[in-house]
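Here's a quick briefing on the chain shown below. Have the structure open while you read, as the points go strand by strand and residue by residue.

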Amino acid sequence: MMSPIHLATGNTGEWFCLNVSNDLVAFSVVPSIGGRVMDLRLGETQVFYSNPRLRGQAISASTETESSLGRNYGGSKVWPGPQGWSSEQEWPGPPDPVLDCGEYEWHAECDRSTAKIHLQSQHDEYTGITMRREIKISLGSSSAEVLHTMQNTSRRPVRWAIWQVTQVDADKGLEILVPATGFHQTFGDKPYPSVSFNPADKRVRLKYANQVAKLAVAADQGWFSSLDQASDLVMAETFPITPGASYPDDAPVAFWISGQGSFRLHGDRVEMSAVPGGCDPHIETEIMSPLTNLAPGESSNFRTAWHLAAIHSHEIISVNHCGAIGDSLAIQPGSPARCTGSFGSFWQASLQLIAYDRASQIVGRFELGEVSPKRPVLLDKSVPLPPHTVRCSLMMFDRDHQQLGVLDRVNLR
């Protein structure tokens, strides 16, 4: 039996924290440093980067502007986009005393099946907006869902994008795969060496290397995966994409790679070795909503999610509501047939192989056992498929036998 959702308050150094967990995932929220989400982990495996030099340290007036890049605590935060320094239509942070590092109001909801943390910034006069975040986890799921709301709380029309920035630990190496139509580099004095685009399968592949850069990626399927093969763990991030919309840097996704080297910032050369923690191995995954015009009082919403799973695979080829696919479902004909595949599950669930005939009628149902986000799903089973089977689906069911969805499917003829 699964334990209920757990929510508690506590302290990390000078930080007041909200600590949220279920049987699978855990994270903390620190309202006083920009409503940051910190310490996301699956089981005991930490996924987010946390800056050890600043951990547990409160913000003071003397430290807020110590760096041109602000106070890099790690974790995940929300900013307005586009970033820039040429006009009032660009956000010149970080540093920023309100949206990036200001005190956020909070309240929490929790019952046996869900927990929600609600966060709200103060009004930011420069941008004219107030930011809100709702972070939610559910029983039996390794996903953390985030609802962002940007409201115009000024007396003037504004135009901004919602910009989620998440720092992922790359200490053991990290590979990110994005279905996309291309990419371009926006920061870094040298071309980043460990990124490629395959036009045949329309995927950008980025490996962590110790060199500073920022890459804008034209993601087109609403997901990307961060794979840590040393830990056999994947974090998939999902988000909506609006075709034809205007995005900052002409891309809904960007990646900032923390590493050695330099880049230009409003005319100045910034050397990363001079930035406290600037070369710690991590990648910022950045997801943006379209640029949105808001009249006074209007607001816009944007949903994102982090999904964690153990997986044993050298790549991620697809992500859906149920899990991540490393090697697709394959059926080798025979008597019995052999079913193989490699997956990461986002649910504590039971897995079944469902066989269908030409009329889409179920002709076979085969129990494949329990799956968990904490264990890689390595499928290698023999099943007596009926000879008139034309397709098969891997289907997941919750503890009440309700269908969660299809993890993968294959056509046989």
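Let's start with a pairing: asparagine 19 has serine 28, in strand 3, as its bridge partner. Keep in mind that this is a predicted model, in which local features need pLDDT of at least 70, side-chain atom pairs count only at pLDDT 80 or more, and totals for chains, interfaces and linings use all residues. Residues are numbered from 1 along each chain as its sequence is written, and side-chain values use heavy atoms, with hydrogens and water left out.

**Strand 3 and its partners**

- Strand 2 (residues 15-21) runs antiparallel to strand 3, and four bridges join them; two strands count as paired if DSSP finds at least two bridges between them.
- Three residues make the link in the hairpin from strand 2 to strand 3.
- On to strand 4 (residues 36-42): it pairs with strand 3 over five bridges, again in the antiparallel sense, and valine 29 has valine 37 as its bridge partner there.
- Strand 3 and strand 4 also form a hairpin, with five residues between them, and glycine 34 in that turn has a positive phi of about 80 degrees.
- Six of the six residues of strand 3 (residues 25-30) are buried, so the rest of the structure largely encloses it; buried means under 20% relative accessible area, exposed over 50%, and partly exposed in between (1.4 Å probe, protein chains only).
- Both faces are covered, with Val25, Phe27 and Val29 buried on one side and Ala26, Ser28 and Val30 buried on the other.
- As background, side chains in a regular strand alternate between the two faces of the sheet.

**The chain as a whole**

- The secondary structure comes to zero helices and 31 strands; these are DSSP runs numbered from the N terminus, helices being H or I with at least four residues and strands E with at least two.
- The radius of gyration is 22 Å, which agrees with the value near 22 Å for a compact globule of 413 residues; it is taken over C-alpha atoms, and the globule rule is 2.2 Å times the number of residues to the power 0.38.
- Along its principal axes, the C-alpha trace spans about 70 × 45 × 40 Å.
- Of the 413 residues, 56% are buried.
- Of the contacts with a separation of 6 or more, 64% are between residues 24 or more positions apart; contact means heavy atoms within 4.5 Å.

**Nonpolar cores**

- The largest nonpolar core has 64 residues, and Val178, Leu206 and Phe255 have the most contacts inside it; such a core is a set of buried Ala, Val, Leu, Ile, Met, Phe, Trp, Tyr and Cys residues joined through side-chain atoms within 4.5 Å.
- Strand 11 (residues 158-169) gives the most to this core, with six residues.
- A second, separate core has 36 residues, including Ala324, Leu351, Phe366 and Leu394.
- Phenylalanine 255 has contacts beyond its neighbours within four places in sequence, among them Ile176, Val178, Leu206 and Phe224.

- Strand 27 (residues 349-356) and strand 28 run antiparallel and are joined by eight bridges, with glutamine 352 opposite glutamate 367.
- Phenylalanine 397 is found in strand 30 (residues 391-397) and is buried, at 10% relative accessible area.
- Setting aside neighbours within four places in sequence, phenylalanine 397 is in contact with residues including Ala349, Gln352, Arg365 and Leu404.

**Two loop residues**

- Glycine 128 lies in the loop between strand 8 (114-120) and strand 9 (129-138), and counts as buried at 0% relative accessibility.
- Glycine 128 and serine 154 are 26 residues apart in sequence and 4.8 Å apart in space, C-alpha to C-alpha.
- Isoleucine 241, in the loop between strand 17 (233-238) and strand 18 (253-257), counts as partly exposed at 25% relative accessibility.
- Not counting residues up to four places away in sequence, isoleucine 241 touches Ala219, Asp220, Gln221, Gly222, Tyr247 and Pro252.
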